[in-house]
Amino acid sequence: MELANRLWRSSLGKKYLMALSGCALFLFVVGHMIGNLQVFLGPEALNRYAHFLQSTPEILWPARLGLLALVTLHVVTAIRLWAENRAARPVAYSTYTPIEASYASRTMVVSGVIVAAFIVFHLLHFTLQKPVGLNLSGQDFAQLHDAHQRHDVFRMVVVGFQQAPVSIFYIAAVGLLCLHLRHGLQAWFQSLGLRNEAWRRPIDTLAWVAAAVVFLGNSSIPVGILLGFGKDMVK
Ligand code: HEM
C-alpha cells in the first residue's frame, strides 16, 4: 500500500504506472488482433472463437474488468502528468518550436482522446450492437445467428465493414492508435532506462515495426472486406 502511495505521488512513479498499463494494453491489442484475423479463416473459425469467449464468463469478465482498470489507470495517470507538466510551466512558450519532439509525442493527448472515442464507438458497434442505426447497414447485428445458433460474428464483421464510412473511420482510428503505440513503446523503454545511446536506434526500429504490424493486421480486415472478402459467404 505504501509503495502504491509513493508511486502515485511521484512523477516518475506515475510514468512507470503509465508505461506498465500501456504495455498491458498493447498486449491486449495484439491478442485481440490475432483473434480477429481468424475472420480470414471463414465463419466457422471466427464464430467458434467468439462463442467460446462469450460462453466462458470466467475468462470474459476478469478480462473485461482488467481492461477497464488498465484503461482507467492509463488515462488518469496521463491526465495527472499532463496537469503537473502544465503547472510546472504556467507561462506558455512565446514561440513554440519543438526540436526533438516528434509528431507522435506532441500529439499523444490528441491521439489518446481520439482512440478513446474510437473504443466507445467500437463497443457500441460490435459489443452492444446498439443503437441499430449506428452500423449503417440497416441490419440488427444482435439478431444474426449461424446454423449452430451462435452469434454470427463473421456476418456482423463482414456486413459492418462493407459500410465504407465505417471502415474508413476504423482504418483512420487504428492509424492514430499505432502512432500512439509507437511513441508509447519508445517511452516504455525510456522509463526502463533502456533507450540509451547504444540502444536508441534498435528500440525505435522495434517500436516502428510493432506499430506497423498492428496497423497492417488490424486494417487488413476492413480493407479486405471493402475489396470483397466474405461477400459470397454472407449472401
Ligand atoms: C479492425 C479491427 C477490429 C476488429 C475486426 C474488432 C472486432 C471486435 C469484435 C467482433 C468485438 C466483439 C466481440 C463479441 O462481443 O463477440 C470486439 C470487441 C472489443 N474490441 Fe475490437 N476489433 C478491432 C479492433 C480493436 C482495437 C484496435 C481495439 C482497441 C484499441 C479493440 C478493442 C475492443 C474491446 C475493448 C472490445 C470489448 C471486448 C469485450 O468486453 O467483449 N478492438 N472487437
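These legends go with a set of close-up views of a predicted model.

View 1. Reading along the sequence gives the pattern α-α-α-α-α-α-α-α-α. If you're setting up a box, the C-alpha atoms fill one of roughly 60 × 40 × 35 Å, taken along the principal axes.

**View 2. The ligand sits in a shell of 19 residues.** Which residues come nearest to the ligand? They are H32, N36, Q54, R64 and H122. For H32, an N or O atom of the side chain is 2.8 Å from a nitrogen atom of the ligand. H122 also puts a polar side-chain atom 2.8 Å from a ligand nitrogen. With Q54, the ligand atom is an oxygen, and it lies 2.9 Å from an N or O atom in the side chain.

View 3. The elements that give two or more residues to the shell are α2, α4 (57–88), α6 (108–128), α7 (153–161) and α9 (200–226). Which of the elements gives the most to the shell? That's α6, with 6 residues. By class, the shell around the ligand splits into 12 nonpolar, 6 polar and 1 charged.

View 4. On the α1 side, the contact is made by L7, W8 and R9, and they meet S11, G13, K14 and L17 of α2. Those contact residues come out as 3 nonpolar, 2 polar and 2 charged.

**View 5. Helix α8 (residues 164–191) packs with α9.** How far apart are the axes, and what is the angle? The axes are 8 Å apart, and the angle is about 165 degrees. Anything over 145 degrees counts as roughly antiparallel, and α8 and α9 are therefore roughly antiparallel to each other. Their crossing is right-handed. The contact of α8 with α9 is made up of 18 nonpolar, 5 polar and 2 charged residues.

**View 6. Helix α9 turns up again, this time packed with α7.** The angle here is about 75 degrees, with the axes 8 Å apart. That value makes α7 roughly perpendicular to α9. From α7 come V157, V158 and F161, which meet I221, P222, I225 and L226 in α9. What classes make up this contact of α7 with α9? There are 7 nonpolar residues, and no polar or charged ones.

**View 7. The loop between α6 and α7 holds Q129 and P131.** Some backbone background first: most residues other than glycine have a negative phi, and most peptide bonds are trans. Q129 isn't a glycine, yet its phi is positive, at about 55 degrees. Next up is the peptide bond that joins K130 and P131. Is that bond cis or trans? It's cis, with omega at about -10 degrees. If you're checking backbone torsions, this is the view for Q129 with its positive phi and for the cis bond between K130 and P131.

Conventions. Residues are numbered from 1 along each chain as its sequence is written. This is a predicted model: local features need pLDDT of at least 70, side-chain atom pairs count only at pLDDT 80 or more; totals for chains, interfaces and linings use all residues. Side-chain values use heavy atoms; hydrogens and water are left out. Contact means heavy atoms within 4.5 Å. Helices (H or I, at least four residues) and strands (E, at least two) are DSSP runs, numbered from the N terminus. Ala, Val, Leu, Ile, Met, Phe, Trp, Tyr, Cys and Pro count as nonpolar, Asp, Glu, Lys and Arg as charged, and the others, Gly among them, as polar. A residue is near a molecule or strand if one of its heavy atoms lies within 4 Å of it. A polar contact is a pair of N or O atoms within 3.5 Å; within protein, one must be able to donate a hydrogen and the other to accept it, and residues adjacent in sequence count only if both atoms are side-chain atoms. Axes are lines fitted to C-alpha atoms, for helices over the stretch in contact, and angles run from 0 to 180 degrees between N-to-C directions. Angles under 35 degrees count as roughly parallel, over 145 as roughly antiparallel, 65 to 115 as roughly perpendicular and the rest as oblique. A crossing is left-handed if the near helix is turned anticlockwise from the far one by less than a right angle, and right-handed if clockwise.
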